[in-house]
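User: I would like to learn how to read surface and packing features in a model. Please take one feature at a time.

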Amino acid sequence: MLPLDEFDLDGDGDTTEPVPYDLDSSPRIEGASVDLGPYECCNTVADEPNETTLATFTLRGAYPNPFNPSTRIAFDLPQDADVTVEVFDVLGRKVFESVPQFVAAGRNRTIDLPGDGLASGFYLYRIAAEIGGETRRLTGRVTVLK
């Protein structure tokens, strides 16, 4: 990236001295406008690969977060797998472990995480899936508010 003083900001061909730019006194081109078109969010079909090309185990997060009494953890799963969730407090103690649940491959798969027995505070959760003969783990954080 070039430093700011190497640009010809005032149009006189001299690029050695920086020139302050004032929006109120800058020259304007009459009748010039930019049409940005309709606004669309980035989550379009073209941006998302279809479920058959899903290649990675991806954590999408928990919603709602903070939560009470439960939250839903969303993830993408490239193959059918048994999935478990472990929850750890800030001291690293395991305070919850789910039983393995079979989850079919696909996008936006979810597992519910109950907050029963958890005090208000911050927690880390680890979601584990057996994919291709190996266990893959992803970690996220949640907050419990009671």
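Analyst: Leucine 91 is exposed, at 65% relative accessible area, because exposed means over 50%, buried under 20% and partly exposed in between (1.4 Å probe, protein chains only). This is a predicted model: local features need pLDDT of at least 70, side-chain atom pairs count only at pLDDT 80 or more, and totals for chains, interfaces and linings use all residues. Residues are numbered from 1 along each chain as its sequence is written, and side-chain values use heavy atoms, with hydrogens and water left out.

User: Where is leucine 91 placed?

Analyst: Strands are DSSP runs (E, at least two residues) and helices are runs of H or I (at least four), numbered from the N terminus. Leucine 91 sits in the loop between β3 (81-88) and β4 (94-97). The protein has eight strands and zero helices.

User: How many aromatic pairs does a search of the whole structure find?

Analyst: Rings of Phe, Tyr and Trp (its six-membered ring) pair if their centres lie within 6.5 Å; planes under 30 degrees apart are stacked, over 60 edge-to-face, the rest tilted. The search finds one pair. Phenylalanine 57 lies in the segment before β1 (58-63) and phenylalanine 75 in strand β2 (residues 70-77), 18 residues apart.

User: Are phenylalanine 57 and phenylalanine 75 buried or exposed?

Analyst: Both phenylalanine 57 and phenylalanine 75 are buried. Across the protein, buried residues make up 26% of the 146 residues.
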